[in-house]
Amino acid sequence: MQDFINDLKFPTDFLWGTSMSGYQAEGNNIHTDYYHLELEDMKKPADLQRFTEPSGVSSDHFNRYKEDFRLMKELGFRAHRTTFEWARLFPEKGKFDLHAADHYNRVIDSMLENGIRPFICLNHFTLPYWLYKEGGYENKDFLTYFLEYVSKLVSHIGDRVHDWVTLNEPNLIPFGAYLVKGMPPFKTSIAAFIRVYRLVLRMHAESNALIKSDNTTNRVGTAHAQLLTFPYRKNNPVDIFFSWLVDRLSNKAVFEFIKSGKFISPLGFGEKYNSGRHEIDFWGINYYRRTFLKGPKPIEALPGERTCDLGGASYPQGIYQSIVRAKKELNVPVYIMENGIGTSDDEWRIKYIYDHLAEVARAMNDGYHTEGYFYWSFLDNFEWLHGYKAKFGLVGFDNQTFERSVKKSAIFLKEIINHSCCSESEPITKNSLNGV
Ligand code: BGC
């Protein structure tokens with residue numbers, strides 16, 4: 001392990017963090033759409049069920065956050081990206097829950113007491129159930145409800161939070177919810193896909209403006225699912241076309257909106273959204289694996305490649321390519337906001353982390369500065385349709401006692417962090433970088 005660690009050098013100000021989402025870790029989010037849909041699903045015949053199991057208590061992070069932040073600190077992390085549940089703050093339409101806000105106030109305090117810099121994300125896929133029942137993203141007042149929630153959240157925790165992430169993977173929401181049936185409401189409709197894509201970009205711009213108006217020194221960014229697409233058959237025109245199309249829809253459309261506020265085709269005709277604030281202060285990359293397109297069919301591993309719990313293969317060069325692309329497109333500070341592997345083989349996780357960090361270091365050496373790395377996920381947690389099967393955590397938990405167990409991969413990352421903070425060897429520094 002030591003040889004591995006000596007290879008990796010990061011600047012002393014490189015920000016080491018972890019990521020999680022409220023719904024996936026807290027447990028008992030009884031006012032959230034997913035919670036109800038999971039339970040309804042369990043009543044269906046097995047062959048019609050979409051969810052593997054209900055989220056239930058998850059890791060009980062809601063009640064154990066203090067212990068979790070202490071552990072994060074012990075492991076050397078200095079930042080944490082998470083989401084607070086909209087449905088806890090607004091369990092009913094128009095009804096703000098002050099107790100939930102107080103809880104999240106304490107959560108922020110606890111992070112700060114442990115020297116953890118909070119990066120708060122406004123939304124990570126889930127909606128209040130009442131809003132879901134009223135049409136969810138297709139409700140004509142969706143944006144108003146969302147901004148009401150954001151405004152309350154900011155007024156409660158905004159004095160202590162300065163790093164905000166508007167949305168988790170805005171580019172995946174329309175795909176999952178309105179094209180490939182991977183997220184509620186599990187529909188396929190091109191018209192709704194386009195409408196909702198435009199909506200999530202507007203959610204970004206309007207919440208961004210709201211956060212900035214609260215405090216102009218606030219930093220606002222987004223966490224983008226960096227889809228890295230390749231034609232499955234290198235010279236096949238159909239595969240080349242779909243690879244280009246998916247890249248345009250999932251990446252280019254967001255880059256262009258952030259740069260110019262324009263909705264590019266097929267989301268629009270290049271018209272500019274003249275409201276909110278499309279620009280960002282930092283770009284968060286969520287990167288896991290690459291995707292081949294065989295016609296419209298995604299393939300996430302080549303024959304013979306080892307696959308993780310969710311089916312994809314490890315492709316570390318992709319994190320390098322994602323950093324370079326983001327720097328070239330946007331030229332703003334870049335964080336790796338999510339990177340991780342779902343596997344019960346913790347030795348494989350160590351290798352995955354090492355391989356990806358080596359690529360981040362390579363990007364930095366090539367002049368593409370990266371501000372920090374947030375591993376997904378701090379804890380094993382609820383992996384949406386896949387339930388608890390996929391183990392992404394650096395820390396596991398016992399599902400009866402909820403006792404935390406630190407995995408070897410967490411210690412490995414801790415050693416890397418210690419090494420980059422305290423190593424006498426020459427770290428990469430902003431000044432030593434050529435360019436950027
Ligand atoms: C999502 C997480 C999810 C992770 C692993 C990311 O795209 O933001 O919610 O758990 O992928 O599948």
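**Exercise 1. Find which atoms of Glu338 and the ligand come together, and how far apart they are.**

Step 1. Start at the side chain of Glu338: one of its N or O atoms sits 3.0 Å from an oxygen atom of the ligand.

Step 2. Move on to Gln24, where a polar side-chain atom is 2.8 Å from a ligand oxygen. For Trp376, an N or O atom of the side chain is 3.3 Å from an oxygen atom of the ligand.

Step 3. Now check the cover: of the 310 Å² of accessible area that the ligand has on its own, the protein covers 92%. Accessible areas come from the Shrake-Rupley method with a 1.4 Å probe, and for residues only the protein chains shown count as cover.

Step 4. Widen the view to the residues around the ligand, among them His124, Asn168, Glu169, Tyr288 and Glu383. Here a residue is near a molecule or strand if one of its heavy atoms lies within 4 Å of it.

A word on the model before going on: it is predicted, so local features need pLDDT of at least 70 and side-chain atom pairs count only at pLDDT 80 or more, while totals for chains, interfaces and linings use all residues. Residues are numbered from 1 along each chain as its sequence is written, and side-chain values use heavy atoms, with hydrogens and water left out.

**Exercise 2. Work out in which order the strands close into a barrel.**

Step 1. Two strands pair if DSSP finds at least two bridges between them.

Step 2. Take strand 4 (residues 163-168). Strand 3 (residues 117-121) pairs with strand 4 in the parallel sense over 3 bridges, and Cys121 has Val165 as its bridge partner.

Step 3. Put together, 8 strands close into a barrel in the order 1-2-3-4-5-7-10-11, with parallel pairing. The twist averages 25° from one strand to the next, where axes are lines fitted to C-alpha atoms, for helices over the stretch in contact, and angles run from 0 to 180 degrees between N-to-C directions.

**Exercise 3. Locate the cis peptide bonds at Pro185 and Ser377.**

Step 1. The bond from Pro184 to Pro185 is cis, with omega near 10°. Pro185 belongs to the loop between helix 9 (172-178) and helix 10 (190-214).

Step 2. The bond from Trp376 to Ser377 is cis as well, with omega near 10°. Ser377 is in the loop between strand 11 (372-376) and strand 12 (395-397).

**Exercise 4. Is Ser58 buried or exposed?**

Step 1. Ser58 has a positive phi of about 50° although it is not a glycine, and its place is the loop between helix 3 (33-42) and helix 4 (61-74).

Step 2. Ser58 counts as buried because its relative accessibility is 6%. The cut-offs are under 20% relative accessible area for buried, over 50% for exposed, and partly exposed in between (1.4 Å probe, protein chains only).

Key: Helices (H or I, at least four residues) and strands (E, at least two) are DSSP runs, numbered from the N terminus. A polar contact is a pair of N or O atoms within 3.5 Å; within protein, one must be able to donate a hydrogen and the other to accept it, and residues adjacent in sequence count only if both atoms are side-chain atoms.
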